[in-house]
Amino acid sequence: MGRRRFRMLKRKYLVAVVLAGTAGCAGRFTLAERAPEPRGQVPTTIVVKRQDFVRSVRLNGTVEAVEATSIAAPRIAGQNNNSLVIMHLIKAGTTVKPGDMIVEFDRQEQLRNALDRRAELTDYEQQIKKRVAEEVAAKASDDSTLKQAESALAKARLELVKNDMLPKIEAEKNDLAFEEAQARLRQLQETYDLKRKAAAADIKILEIRRDRSRTNMEQAQTNADRMLITSPLPGVAVIRTTWKNSGNMVEFTEGDEIRPGQPVVEVVNPAVMRVRARVNQTDMNDLRVAEPVRIGLDAYPDLSFDGTVAQISPIGTQSQLSPKVRTFIVLVLVKGAHPNLMPDLTASLDVELERTRGVLVVPRDAVIAEGEHAFVMAQRGGRLERQDVTIGATNTHEAVITGGLQDGVIVARNIAPASADKTGGAR
């Protein structure tokens, strides 16, 4: 009995599971049938009119100053420390004149070294004066002693004349006196020259030490002067950026330690700016010097400037991706100035290659291509009808209509080709 009941319960459970699965599938089919179909993009319309058609090429570049100078941390002569500390730094965007202070590094050590070397220089100069005075006195004394020895030798020589008339012992005494006077004079002459050479050597050593102290003093003073940097030309101060420990690029500030030779500030003349851009080799044939350019700043979308192509590099650089691809440098002069027009900003350049005045122009998304033919969807009587057209020149966003359409006609944009086929219309 228990076994039969177990089988009945098992059968009921399986039936319930099957029914639940069927109900779930039915629910899914019902939801799928009720799901709305995705709608296509609603086309917009535009009135065809005559206007200037511009064929241009889009370039990307970086703003730089034509007149600019980069101020870097000085390389200190004879200094073992590899870093310099910024004590005073001009604020970014400050207008400067030639001679205005830009940046000052910690120069106390150099000033103290210059003072110490000046004290050494003064001490050596006094030692030289003292040694020269001593040598003058010693030379005068030696000259007097030498004169006395010469006089004694002359006297002894005169005494030799009397030897024939003097006893033998007296004559021998005169001979000994003469030899002694002669030897003394010879010794004084030899020591006289040695004393003069020794005194000259002592003075020369002091002069070398003095000159070395003067060189060290001038070097320390020059180092101290180089650590106070002024502007060499008029312009605007732009603070350079550096990597900090946080991993971000930030501007230099007072108290930062930097390496010698590292750029800190750039003084630029904002009245004359240009954009340096790289051009692919496929666009080089269309570019000419003096072509008008429209310049936009990526950081300030509301700002735009006029410009002209000033220079085109005649030699291209090889691409890192493929040796067959080359890029060329183009310099574009910017007309006008603005406080936000600063170096290192990225810019977009629209170089005007060709301008056709007074032609029918429609957006590219209003033209539908069908093989070698093209057509637009023109609005007539509240409905869109197909209208075959002839396309002339095109650019990235616009196309010139040379036939099949008149100005004042309303055409649709962003219409799918399938929808256009369903609409039909005039040929």
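1. In helix H2, the buried residues (under 20% relative accessible area, with a 1.4 Å probe and protein chains only) are Gln-110, Ala-114, Arg-117, Leu-121, Tyr-124, Ile-128, Glu-135, Asp-142, Leu-146, Ala-149, Leu-153 and Ala-156. These buried residues pack against helix H3, residues 168-226; contact here means heavy atoms within 4.5 Å. Helices (H or I, at least four residues) and strands (E, at least two) are DSSP runs numbered from the N terminus.

2. The model is predicted, so local features need pLDDT of at least 70 and side-chain atom pairs count only at pLDDT 80 or more, whereas totals for chains, interfaces and linings use all residues. Residues are numbered from 1 along each chain as its sequence is written, and side-chain values use heavy atoms, with hydrogens and water left out.

3. The length of H2 agrees with expectation. Helix H2 comprises 53 residues, 108-160, and at 1.5 Å a residue it should span 78 Å; its end C-alpha atoms are 77 Å apart. The expected span is 1.5 Å times one less than the number of residues.

4. For the protein as a whole, there are 4 helices and 23 strands. Of the 427 residues, 31% are buried. Among contacts between residues at least 6 apart in sequence, 76% join residues at least 24 apart. The protein exposes about 27,700 Å², of which carbon and sulfur atoms supply 52%; accessible areas come from the Shrake-Rupley method with a 1.4 Å probe, and for residues only the protein chains shown count as cover.

5. An open sheet of 4 strands has the order E3-E12-E8-E5, and its pairing is antiparallel. Strands E3 (68-72) and E5 (95-96) stand at the edges with a single partner strand each, so one side of each has no neighbour in the sheet. Two strands pair if DSSP finds at least two bridges between them. Strand E8 (residues 235-239) and strand E12 (residues 263-268) run antiparallel and are joined by 4 bridges. Ala-237 stands opposite Val-267 in E12.

6. Val-66, Val-272 and Leu-333 make a nonpolar surface patch of about 190 Å². Val-272 is found in the loop between E12 and strand E13 (273-280). With a relative accessible area of 30%, Val-272 is partly exposed, a class that lies between buried and exposed (over 50%).

7. Thr-253 occupies the loop between strand E10 (249-251) and strand E11 (257-258), and is partly exposed at a relative accessible area of 40%. Leaving aside residues up to four places away in sequence, Thr-253 touches Ile-86, Leu-89 and Lys-244. Thr-253 and Ile-90 are 163 residues apart in sequence, yet 9.3 Å apart in space, C-alpha to C-alpha.

8. Two backbone angles deserve a comment. Most residues other than glycine have a negative phi. Ala-290, however, has a positive phi near 80°; Ala-290 lies in the loop between E13 and strand E14 (292-297) and counts as exposed at 55% relative accessibility. Asp-344 also has a positive phi, about 75°, although it is not a glycine. The position of Asp-344 is the loop between strand E17 (326-335) and strand E18 (346-363), and at 56% relative accessibility Asp-344 counts as exposed.

Notes. Patch = residues over 30% accessible without salt bridge, like charges linked within 9 Å, V, L, I, M, F, W, Y side chains within 5 Å. Salt bridge = Lys/Arg side-chain N within 4 Å of Asp/Glu carboxyl O.
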